[in-house]
Amino acid sequence: MYRGGESGDPLRVGVAGTGFIARGFMLTLNGQEGMVPGPVLTRRSLHDLSGLPMNFTPTNAVEDLIEGSDLVVECSGHVLHATEVIEEVMAAGLPVVTMDAETQVTTGSYFAEKGVFTEAEGDQPGCLAALREEVLQMGFVPLVYGNIKGYLNHNPTPAEMDYWGKKQAITLDKVTSFTDGTKVQFEQALVANGLGAGIIRPGLLGPGTRDLTAGAEMLAETAMLAGEPVSDYILSPDGPPGVFIAALHDDRVKGYLSNFKMGEGPVYTLVRNFHLCNFEIKKTVQRIAASGEPLLNNGPAPAISVATIAKTALAPGQAIPQGMGSFVVRGSTVRTAEVPDHVPIGLVYDAKVKRKVSAGSVLTWDDLEVPETRAREIWEGLLGRRAALQAR
């Protein structure tokens, strides 16, 4: 289950990342029975790093992280860095728990077959996976795996994002990715790939509604027409910050469900009205330590990707330092088979525009120059495997 797990010694939990989520997880881990802090891998200068919770020792060396850990929690928030770290950690035989839908969707399928690799409960995808286990145990048949989003603006201004980033103590790129929808697109792509669902359309449907149940039932009707469960979200300013599953059940138990205030059916909406991110990661760590069974990952044969969409007209030579959290591009779900030449936004770092691109366009490899990286190499290998599978 984990290296040294039979010795009875506490589980040494290493962490990759020192940002908002990573530090929050460290706080919850201190004093946790059966677990002790391992090293903390950071790209920051150790001389400038301050404010880590007690008992956590930072390092810039992946080798130190591996040597001092039985399991690693990756939440660095940087796809290229995370991919390289995960590859080294898993090559050493350690399980990896992520809170990183962006890396899961971009390169995670490569790691899904390399060992124990899972997304954590706490962010919406992991919460949906956990809720799904409960729903299935009760005999429901899921139709919709839903995210509840309170606000969406595809083109926020730098001033708006600077204000909210400082107010919420979140970095500018992260708060921008949350606001312009890139994050929810990654989350629901991971849910679709990991839980065997489809999407209603590229970019998801995301109906606006103040009635959560009505929105869930509308998505469920669409899923029934499609003949498969779907991954999507509702835009509900008054909704709770959680997730939901809209599902069917046997008509013979309709009276019981009505009695328990679930409505008259045939669609029933089961809501988890919170997600507590770093507070919940340790539940998945404990799961892996106990059974080694992943909660959720991107699966070995994903059908959904997150493409790069131009927010504005782009000019040749224009630099895009980072795609996620950018003010010129955003991420949107696509069916990979329909646009195999799209550039995944998770690979867009230090990129340069090669030709004119109109606002709203999906960027392809003919539009964008993207550096060669290990993450890109893995993505291209996965794309080739998908093509081979489809040709059979």
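Guide: Let us begin with contact, which means heavy atoms within 4.5 Å. This is a predicted model, in which local features need pLDDT of at least 70 and side-chain atom pairs count only at pLDDT 80 or more, while totals for chains, interfaces and linings use all residues. Residues are numbered from 1 along each chain as its sequence is written, and side-chain values use heavy atoms, with hydrogens and water left out.

Visitor: Which residues is isoleucine 320 in contact with, leaving aside its neighbours within four places in sequence?

Guide: Isoleucine 320 is in contact with Leu314, Ser326, Val328, Val329, Val348, Tyr349, Asp350, Ala351, Val353 and Leu368, once its neighbours within four places in sequence are left aside.

Visitor: What makes a set of residues a nonpolar core?

Guide: The name is given to buried Ala, Val, Leu, Ile, Met, Phe, Trp, Tyr and Cys residues joined through side-chain atoms within 4.5 Å. The largest such core here has 53 residues, and Leu314, Ile320 and Leu368 have the most contacts inside it. Its largest share, seven residues, comes from helix α8, residues 182-195; helices (H or I, at least four residues) and strands (E, at least two) are DSSP runs, numbered from the N terminus. A second, separate core of 23 residues includes Val13, Met99, Ile281 and Ile288.

Visitor: Why is proline 240 called partly exposed?

Guide: Buried means under 20% relative accessible area and exposed means over 50%, with partly exposed in between (1.4 Å probe, protein chains only). Proline 240 has a relative accessible area of 24%, and is therefore partly exposed. Proline 240 is placed in the loop between β8 (230-235) and β9 (243-248), and, not counting residues up to four places away in sequence, proline 240 touches Ile148, Leu212, Val271 and Asn273. The C-alpha atoms of proline 240 and isoleucine 148 are separated by 7.0 Å, although the two residues are 92 apart along the chain.

Visitor: Which residues of helix α11 are buried?

Guide: In α11, residues 281-291, the buried ones are Ile281, Thr284, Val285, Arg287, Ile288 and Ala289. Glycine 292 follows α11 and has a positive phi, near 75°.

Visitor: How do you know that the radius of gyration of the chain agrees with a compact globule?

Guide: The radius is taken over C-alpha atoms, and the globule rule is 2.2 Å times the number of residues to the power 0.38. For 392 residues a compact globule would have a radius near 21 Å, and the chain has 21 Å, so the two agree. Buried residues make up 53% of the chain.
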